[in-house]
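Trainee: Could you take me through one part of this model closely? I would like to look at the nonpolar core and what surrounds it.

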Amino acid sequence: MSETLLRTEGLTVVFGGLVALSGLDLEIRRGEIVGLIGPNGAGKTTAFNAITGVVQPSSGRIFLGEEDITARPAPKIAAKGIARTFQQIRLYDDLTVIENVMVAGHSSVRYTFLEAVTGLGRFSADEKRISEYAEYLLELMGLSDVISAKASALPYGRQRKLEIARALALRPTVLLLDEPVAGMNPMETKGFADLLRRLHRELNLTIGLIDHDMGFVMNVCHKIKVIDHGVPIAWGTPNEIRTDQKVIAAYLGTAA
Amino acid sequence: MTRDRILTAAAVGILLAFLWFADRTFSAYSIRILNTIAIFSIVAVTYNLINGVTGQFSLGPNAFIAIGSYTSALLTLSPQEKAASFIIDPIVWPLSVISVSFPVSLIAAGVLAGLIAFLISVPVFRVRGDYLAIVTLGFGEVMQVITNNAVSITNGPLGLKGLYPHTTLWWSWGLCIFTIICTVRLVNSSYGRAMKAVREDETAAEAMGIDAFWTKTLAFTFSAFFAGVAGGLLAHLITTISPSLFTFFLTFNLLIIIVVGGLGSTTGALIGAVLFAWGGEALRVVEEPFTLFGYDLPGIPGMRMVIFSAILILTMIFARSGIMGRREFSWQAAIDLGSTLLQRIRRT
């Protein structure tokens, strides 16, 4: 069995009087694709926000490998190798497609501010490395033809792909995708599932994802965690989840 | 690209030749305008870095120019000159004996302005939002009070007089070109991309490993450093400085420059600075008595500001992103534009 890469212990987030997430224990092993599902308002995005440092957890701990990363600042967590996409697309609209991806190379930049201003030292080599990797990722995501278009000019589906390319430019060990196929038609979703599997294989990725498209989630995930109203209710393989009574009750309601 | 490098080098060469020519043949008044253009360009290009590129609304350049002016002036005046002009209160000890060369005083002016900007950044950028505007606006007023009342350092409202006119065309334009090169390089580096990412979406920038705090601090400190250097140049151009030179009015003018030029565009800031410094002189006619359509109009002081305000309002209505928007000059675009114009002329 492979090692645990990302682990949360009793992760709880409280906003004022509202318990958005309560006692989430999540374990993602190296190389796995793990799904996080649940009805609207279940706390899935809150879990991602707490893991990536966007919101502060009220209690509980988060580990990346052996290291405790609970409540570290968001940029530190990103630089340590947890990259994410957002439920509502958040690109840098006024920047070009390749600039969007190159931004994520900033944490790996070795040249200093003075080398940037003078153009000396490691500047040229580092810029070349970052732009070449960005081009490679854009090719992988099928965005090579729009490299110098503004991000805001892309259609919705391609913006989603650009967000993933940008996250990949961090060279993450764990990639968290928040509703990657939301708004896609069944054909696009199928194409995206194939792409995701290819990325998983080619880049040795470990992936956590949230989605409401059950067909897609059951299709690509190795393990699934179900939460409802902030409380975890089930954990298992897609087949186990499909037949779990609590999950069926959460999604369809129980007979009164 | 090599072609672009050759063209840039040629353009700088032509500029230097023009300056050499201007230096020998132009009137003192024209040379003064050219110097002013260079100094305003230095401030505008770096002010645009914090306001336009990083998207943090600063209202502080007047304060940093004041710091630079006073620092540089107090360092170049000789001990005898200082003793003679401080008639209310004698000048405090270390300043009363220090006297350094002009270049050293410029570096000191930049470093002190940058250092103070850095100290302001630490509390301000810990939180998100428009606090920078409030704090820098307040800081500008604090600087007014300090320069007026710390008489044993600044000589109060009397100001500092009799500075040696060190600022030649070579100094002002040399530093202007240096500033532009540094700023353009910074904007096109990973640090510049980080600044733009913070402007576009701070949360998404932090999720991609960018430390928004340091990025904003870098932009703000960089911009204050050059405002300080420009202040030193300004002091040794006009040779007399007093607190009234550095009111909020100065910041307001700089805002007009970068907004009309195009917020976020270095080229735009440059165009804005040239138009403002040159236009400000060209428009002097409206403040003198003149005849319009047969009517004799008396000279109205302050009429130029009415025209500037009207231009700003018209820009906001008809061209909200300014002259350049966020576009930048490139040789390719210039060549393309030239060839289309040429074709049109041929056709007609």
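This is a predicted model: local features need pLDDT of at least 70, side-chain atom pairs count only at pLDDT 80 or more; totals for chains, interfaces and linings use all residues.

Chain B holds 16 helices and two strands. Its radius of gyration is 21 Å, close to the 20 Å from the globule rule for 348 residues, so chain B is as compact as a globular protein of that length. The C-alpha trace of chain B spans about 70 × 65 × 45 Å along its principal axes, and 43% of the 348 residues in the chain are buried.

Now to the core itself. The largest nonpolar core has 158 residues. Those with the most contacts inside this core include Ile42(B), Val43(B) and Ala44(B), along with Met208(B), Ala230(B) and Ile257(B), and Ala165(A) belongs to that group too. Helix 12 of chain B, residues 212-238, supplies the largest share of the core, with 15 residues. Domain 1 (1-81 + 172-256) and domain 2 (94-171) of chain A both give residues to the core, so it lies between them.

Leaving aside neighbours within four places in sequence, Val43(B) is in contact with Pro61(B), Ile65(B), Ala227(B), Ala230(B) and Leu254(B). One of these partners, Ala230(B), is itself among the core residues with the most contacts.

Let us turn to the two domains of chain A. Their centres, taken over C-alpha atoms, are separated by 27 Å. Nine residues of domain 1 of chain A are in contact with eight residues of domain 2 of chain A. On the domain 1 side, the classes are seven nonpolar, one polar and one charged.

Finally, here is how the chains meet: 29 residues of chain A are in contact with 22 residues of chain B. On the chain A side, the elements giving two or more residues are helix 2 (74-80), helix 3 (97-103), helix 4 (113-118) and helix 5 (123-140). Helix 2 of chain A gives the most to that side, with four residues. By class, the chain A side that touches chain B divides into 18 nonpolar, five polar and six charged residues.

Terms used
Residues are numbered from 1 along each chain as its sequence is written. Chains are lettered from A and ligands numbered from 1 in the order in which they are written. The radius of gyration is taken over C-alpha atoms; the globule rule is 2.2 Å times the number of residues to the power 0.38. A residue is buried if 20 or more other C-beta atoms lie within 10 Å of its own, exposed if 12 or fewer, and partly exposed in between; C-beta atoms are placed from the backbone. Two residues are in contact if their C-beta atoms, placed from the backbone, lie within 7 Å. Ala, Val, Leu, Ile, Met, Phe, Trp, Tyr, Cys and Pro count as nonpolar, Asp, Glu, Lys and Arg as charged, and the others, Gly among them, as polar. A nonpolar core is a set of buried Ala, Val, Leu, Ile, Met, Phe, Trp, Tyr and Cys residues joined through C-beta atoms within 7 Å. Domain bounds come from an automatic or database domain assignment.
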